[in-house]
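Subject: Structure handover

Hello,

Here is the structure I said I would pass on. My notes on it follow below.

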Amino acid sequence: MSSEVALDIHTGVSSLHDAHHSHDGHEHHHHETFISKYVFSMDHKMIAKQFLITGMFWAVLGGLMSVLFRLQLGYPDSTFPWLEDILGKWAKGGHITPEAYYALVTTHGTVLVFFVLTAGLSGTFANFLIPLQVGARDMASPFMNMLSFWFFFIAGIVMLSSIFVETGPFSGGWTAYPPLSALGDASPGSKTGMDLWIVSMALFVVSSLLGGLNYIATVLNMRTKGMSMTRLPLTIWALFFTAVLGVLSFPVLFSGFILLIFDRNFGTSFYLSDIFVNGAGALPNEGGSAILYQHLFWFLGHPEVYIILLPAMGMVSEILSTNSRKPIFGYMAMIGSMFAIAILAFLVWAHHMFVTGLNPFLGSIFVLLTLLIAVPSAIKVFNWLTTLWRGNIRFTPAMMFAIGFVSLFISGGLTGIWLGNSALDIHLHDTYFVIAHFHIVMGVASMFGMFAGIYHWFPKMYGRFLNNTLGYVHFWITIIGAYLIFWPMHYEGLAGMPRRYYDYSIWESFKQFGDLNRFISTVAMIVFATQILFLANFFYSIFKGRKLRSANPWGSNTLEWTTPIRPGHGNWPGEIPEVYRWAYDYGKDGHDFISQITPIGADESVH
Amino acid sequence: MYLVIAVVILFFVVIFQIAKASEYVAVLKGEKNSKLQSNKINGFLMVAFLVLGLIGVWYCNELFFPKTLFRFGSASVQGEKVDSMLWVTIAVTGSVFIATQILLFWFAFKYQEKPGKKVFYFPHNTNLELLWTVVPAIVLTVLVVIGLRNWFSFTGEAPKDALVVEVTGKQFGWIFRYPGSDNQLGKKYYKNIDNASNSLGLVWDDKMSHDDIVTEQTVYIVKDKPCKFIIGSRDVIHDVGLSQFRMKMDAVPGIPTTMWFTPKYTTKEMQERTGNPNFAYEISCDQMCGNGHYSMKGIIQVVTQSEYDEWISKQKPYYFTAFPDKDPANSKLATDSTKKVVVSISLPNTQKSNSKI
């Protein structure tokens with residue numbers, strides 16, 4: 001279906017260029033200036049790098065914020081005069097104020113969930129891998145793709161600007177529940193800071209939709225000849241489901257934000273009722289429901305977890321198979337389980353709301369559907385394990401991170417079974433148990449997926465390798481650190497220690513964890529510093545890394561490795577190759593690997 | 001501070017240089033050999049990580065489990081079911097955790113690259129896939145059944161004889177209201193709220209409100225008697241978190257919620273059981289509610305029935321706080337001059353309460 005004709009219509013410019021290249025055989029772009037190549041680029045590969053590097057910027061900032069608030073949690077009684085130098089009035093006397101603490105926690109959450117693990121992860125790899133792995137010259141709409149990045153960029157600028165507002169950035173938690181987020185009188189962060197927060201998020205939703213529609217259109221319409229849906233690498237399936245989830249759920253979040261804007265600025269009462277704020281008196285709003293927002297928010301919020309997780313799962317599947325030199329086990333079951341996860345993702349949102357006074361019967365339905373998700377998740381884990389079984393495993397840094405992902409996904413996924421069961425959730429809800437759970441399964445695991453992807457596809461992005469030794473150091477410190485940070489938090493949660501507390505020392509029930517908090521903070525700083533080491537490796541290797549000598553360094557089957565070492569805009573200098581088989585013929589009939597573009601041999605065995 | 005940063009940077013530079021050098025060595029030694037070597041090292045580290053990790057899991061439990069107070073069990077009858085459910089869930093997820101982590105890292109070690117090894121081409125196997133679809137589904141069904149039975153018992157109606165207390169969250173504290181001798185909570189309307197004399201906005205036209213007792217920060221409930229909280233909020237969303245009773249419920253402005261439980265031990269008994277003379281049943285706000293969130297503490301005093309009866313008999317209806325002149329105790333003692341002042345203060349309140357229901 002994805003014939004050349006269709007391609008010519010969609011990416012007319014690039015294919016014309018391409019035809020030209022194949023004639024004179026050397027790569028130079030006629031009309032490309034610095035601006036059109038590096039800034040307002042319409043090449044999906046460049047846009048992917050833009051997403052990646054912007055994501056890295058936000059990851060550093062978000063990570064740094066966590067280091068700052070961990071300082072407060074670990075050392076509530078100490079003062080750090082240098083903090084006042086950096087933060088000014090937010091750290092008077094070298095002590096982070098509650099306002100600043102809550103702003104840091106909120107911004108850390110928002111930035112990491114949306115800017116890093118959504119835009120940075122699927123923005124990078126969907127852009128980079130979809131055209132390369134389905135065999136297309138670019139996205140369905142390169143222009144929309146470019147807009148998608150720039151909307152994300154502006155969203156980031158707006159978010160960044162909120163840090164410098166006098167009343168401070170939004171500080172009501174990344175979920176932004178009204179009435180707290182709706183009433184400036186209830187919290188200074190809910191004044192201008194919240195306006196900027198909503199604007200930033202609205203822009204982000206636009207970016208996400210522009211990107212998502214593009215990914216879906218490209219996967220469905222622009223596959224090369226022979227690339228049937230069931231021959232797609234699992235990365236593409238994962239990114240496809242991710243995009244579908246985003247396109248269907250982000251608009252709901254957007255509608256929730258619109259109503260919030262109305263409540264904040266135009267006197268409506270969608271979320272507000274019966275409120276008396278100290279200092280402001282009784283508000284006129286009556287008849288709204290604060291719970292309505294939570295339904296709208298979590299209708300995105302839960303699929304969002306899978307928007308973050310699925311791309312990591314897809315890349316991990318690909319990397320585990322490639323480096324085990326073995327086909328992925330249960331390819332169709334992998335797609336089926338991702339499909340099941342994508343469907344169920346829309347049907348479990350209220351498990352975030354078990355203690356809101358939700359109708360118990362409704363709650364029971366959500367318990368059932370939530371625990372159902374464990375089934376496709378279990379299938380995926382066992383399939384990954386079986387993929388390793390009797391393989392010939394090469395521990396590239398990408399492979400290490402992929403194995404680390406599986407380990408973390410198991411650890412964090414299993415605690416989901418605790419939290420999804422409403423009767424247990426009553427005790428564990430909004431405690432450190434939840435923090436441990438979602439940081440392991442969604443935060444760190446997806447970060448591991450992202451690192452695996454970066455180590456694996458860096459050679460394709462820049463034509464050079466990352467330093468392996470640094471990769472190993474990075475991996476081992478990060479996985480050990482991640483477990484040291486988040487594993488003990490389960491115990492704090494079991495004791496009922498609530499999230500989002502600035503100081504526990506006044507609490508007889510929770511102050512026994514002071515030493516533990518100090519330990520966690522120390523490890524967090526070490527792990528954060530290690531990520532800087534990774535960044536150094538990344539930027540150094542872009543310019544000075546060991547150069548690739550062959551186009552296919554990992555011995556991989558997928559299409560991106562059939563392009564030149566440094567592909568130009570349009571990806572393949574000649575015709576787009578035709579695909580004859582699935583992406584996972586590793587170790588078949590004694591061949592180490594058989595690329596997707598190799599026709600089926602006459603005496604090849606059938607499986 | 002700056003010294004620390006300098007040392008860290010120096011440390012990084014050293015690692016970076018070693019890593020760079022190792023790459024050159026790799027090129028000199030031949031890429032294949034050095035890859036095999038690093039493969040062996042990492043394969044070994046995988047097993048080492050597994051073994052040390054599992055020891056770490058055990059050690060972590062030794063260190064921190066005692067601090068969770070789980071060994072004292074739940075302080076409420078309902079919470080016992082939470083605890084027993086917790087043990088079942090730990091048994092299930094714990095064994096899956098250990099088994100899968102062992103498989104993962106053991107496979108990684110065992111099947112590390114060896115030159116000339118032939119891999120097993122194994123793209124799928126329907127029976128295996130069915131196995132790990134059906135078994136988790138069955139196990140989860142069991143967990144769901146246990147969970148939902150508990151869930152419906154926790155969220156079901158409170159027993160008729162339950163002690164009813166209204167709990168209201170505000171930035172940043174808790175207000176409690178007892179229905180008084182008529183056992184009926186009077187009406188309230190949020191526009192009547194006045195921090196000085198009517199913190200809940202009670203409607204004084206409603207006679208049932210006249211004997212309601214209002215306290216702040218500390219609430220008294222009775223051992224072995226079911227206690228039902230009717231929960232609300234004055235401003236933003238709060239949450240009544242009772243970790244020792246294993247209970248939790250949001251306080252939402254405009255939408256009342258409920259929670260009930262039966263305390264098993266008095267505060268005094270708990271102080272003895274835990275050996276901590278400062279032990280208190282603390283109400284922690286578990287829903288982000290503003291900058292004072294972390295300090296929004298309430299105290300539950302669990303006492304015996306006789307202690308409770310004695311305490312409640314000493315409490316004055318809130319009505320008399322709003323209208324001290326109506327208080328029989330006051331009217332006897334008060335002189336004419338104080339009476340006048342009091343009336344003039346309370347007048348605006350009476351007008352307000354007339355404005356709506």
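Five strands of chain B, and here I mean 5 strands in the order 3-2-1-5-8, form an open sheet with mixed pairing. Strands and helices are DSSP runs, E of at least two residues for strands and H or I of at least four for helices, numbered from the N terminus; two strands pair if DSSP finds at least two bridges between them. At the edges of this sheet stand strand 3 (213-216) and strand 8 of chain B, each with a single partner strand, so one side of each has no neighbour in the sheet. From one strand to the next the twist averages 25° (axes are lines fitted to C-alpha atoms, for helices over the stretch in contact, and angles run from 0 to 180 degrees between N-to-C directions).

Before going further, some conventions. This is a predicted model, in which local features need pLDDT of at least 70 and side-chain atom pairs count only at pLDDT 80 or more, while totals for chains, interfaces and linings use all residues. Residues are numbered from 1 along each chain as its sequence is written, and chains are lettered from A and ligands numbered from 1 in the order in which they are written.

Strand 8 of chain B (residues 257-261) has 4 of its 5 residues buried, so the rest of the structure largely encloses it. Buried means that 20 or more other C-beta atoms lie within 10 Å of the residue's own, exposed means 12 or fewer, and partly exposed is in between, with C-beta atoms placed from the backbone. Strand 8 pairs with strand 5 (residues 227-233) of chain B in the antiparallel sense, over 5 bridges. Met259(B) in strand 8 is the bridge partner of Phe229(B), and Trp260(B) in strand 8 stands opposite Lys228(B).

Chain B has another open sheet of 5 strands, in the order 4-10-9-6-7, again with mixed pairing. Its edges are strand 4 (218-222) and strand 7 of chain B, each with a single partner strand, so one side of each is left without a neighbour in the sheet. The twist here averages 25° from one strand to the next. Strand 4 and strand 10 (residues 297-303) of chain B pair in the parallel sense over 5 bridges; Ile221(B) has Val302(B) in strand 10 as its bridge partner.

Now the interface. Contacts join 98 residues of chain B to 104 residues of chain A, a contact being two residues whose C-beta atoms, placed from the backbone, lie within 7 Å. On the chain B side, at least two residues each come from helix 1 (2-29), helix 2 (31-64), helix 3 (77-110), helix 4 (126-155), strand 6 (238-242), strand 7 (247-251) and strand 9 (281-285). Helix 4 of chain B gives the largest share of that side, 16 residues. By type, the side of chain B that touches chain A has 52 nonpolar, 29 polar and 17 charged residues (Ala, Val, Leu, Ile, Met, Phe, Trp, Tyr, Cys and Pro count as nonpolar, Asp, Glu, Lys and Arg as charged, and the others, Gly among them, as polar).

Two helices are covered by parts of both chains. The buried residues of helix 2 of chain B are Ser38(B), Asn42(B), Met46(B), Phe49(B) and Phe64(B). Their cover includes helix 14 (397-420), helix 17 (468-486), helix 18 (489-494) and helix 19 (514-544) of chain A, along with helix 3 of chain B. In helix 11 (residues 331-345) of chain A, the buried residues include Tyr331(A), Met334(A), Met338(A) and Ile341(A). Among what covers the buried residues of helix 11 are helix 10 (290-324) of chain A and helix 4 of chain B.

In chain A, Ile594(A) lies in the segment after helix 19. With 21 C-beta neighbours inside 10 Å, Ile594(A) counts as buried. Beyond its neighbours within four places in sequence, Ile594(A) is in contact with Asn557(A), Arg581(A), Asp585(A) and Lys588(A).

Last, confidence. Chain A averages a pLDDT of 92, and 95% of its residues score at least 70; pLDDT is the predictor's confidence in each residue, from 0 to 100. Over residues 1-28 of chain A, pLDDT stays under 50. Where pLDDT is low, the predicted coordinates should not be read in detail.

Regards
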